[in-house]
Amino acid sequence: MTVNLGTLGLWRAAGDLDAALAADVERLGYGTIWVGGSPPEDLRIVETLLDATERITVATGIVNMWQADPVALARSFHRIDAKHPGRLLLGVGIGHREATREYAKPFDTMVSYLDVLDAEGVPRSATALAALGPKALRLSAERTAGAHPYLTTPEHTRFARETVGDGVLLAPEQKVVLDPVPESARRTARPVISLYLGLTNYAANLRRLGWTDEDMAEGGSDALVDALAIHGDAATVARGLRAHLDAGADHVCAQVLPSDLDPRPAYQAIAEAMEV
């Protein structure tokens, strides 16, 4: 059985998560905390969050296959799962060509990495794969509980569901800005989004969805920024998150921007609007 994520989660960089925040968001009704970035193979931050809570799931979004030894990662999984059975989803992924000197044969690397996790007894139902394109999406369906797409839109979620089929976990990330003024919301979102537009895998995925090189120039067109970072009041943001669920997602995780402010008010407003 796949780990229970609930329908609404939050995505936040590992360095911006702590026990107190985890307890607060659990009380708000969130189903999952996604530990963003590339958390190390010891998974200590995951253990800290689970120790501080009672029911919420913690997922890694994602452990980088080039940086984390799979045998050590499997040991960490078993250590934590023994303490908190069924509450850890191990999200793994290949990272980015631009950030990894050894980046070669990424598909073969994903397969080999999943082979090791299998051999070390990590249940496929407790793993997920970062996936955007059809080949990786199909692999996520064949070898793990499902896919965790990042920097996507409901249109991609619909494509992903058609690719993986029914009964496969689909848990996209969606950036959000609780700001009803479009100009200032874009000023908040564009610097974050621009970091990803020069990365091959994200750019290729956006082109597959119909976005152009002009859309991806100079930090992203207004239309692209609006699609990748939903902005408005809580009700508007909630509609944007539900659009992923309507397109076939089982779960959607919100990354609140800006990340340097206390996110609790935004998390509360989103939870209330989503009626979790």
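User: What should I know about the model and its numbering?
Analyst: The model is predicted: local features need pLDDT of at least 70, side-chain atom pairs count only at pLDDT 80 or more, and totals for chains, interfaces and linings use all residues. Residues are numbered from 1 along each chain as its sequence is written, and side-chain values use heavy atoms, leaving out hydrogens and water.

User: How many helices and strands does the protein have?
Analyst: Helices (H or I, at least four residues) and strands (E, at least two) are DSSP runs, numbered from the N terminus. Here there are 12 helices and 11 strands.

User: What share of the residues count as buried?
Analyst: Buried means under 20% relative accessible area, with a 1.4 Å probe and protein chains only. Of the 276 residues, 55% are buried.

User: Which residues have the most contacts inside the largest nonpolar core?
Analyst: A nonpolar core is a set of buried Ala, Val, Leu, Ile, Met, Phe, Trp, Tyr and Cys residues joined through side-chain atoms within 4.5 Å. The largest one has 88 residues. Tyr-30, Val-46, Leu-90, Val-92, Leu-117, Leu-241 and Ile-270 have the most contacts inside it.

User: What does Tyr-30 touch?
Analyst: Contact means heavy atoms within 4.5 Å. Beyond four places in sequence, Tyr-30 touches residues including Leu-8, Val-25, Ile-56, Tyr-267 and Ile-270.

User: Is Thr-53 buried or exposed?
Analyst: Thr-53 counts as buried because its relative accessibility is 7%. Thr-53 sits in the loop between helix 2 (44-51) and strand 3 (57-61). Leaving aside neighbours within four places in sequence, Thr-53 contacts Ala-22, Ala-23, Glu-26 and Arg-87.

Conventions: Buried < 20%, exposed > 50% of the residue type's maximum accessible area, 1.4 Å probe, protein only.
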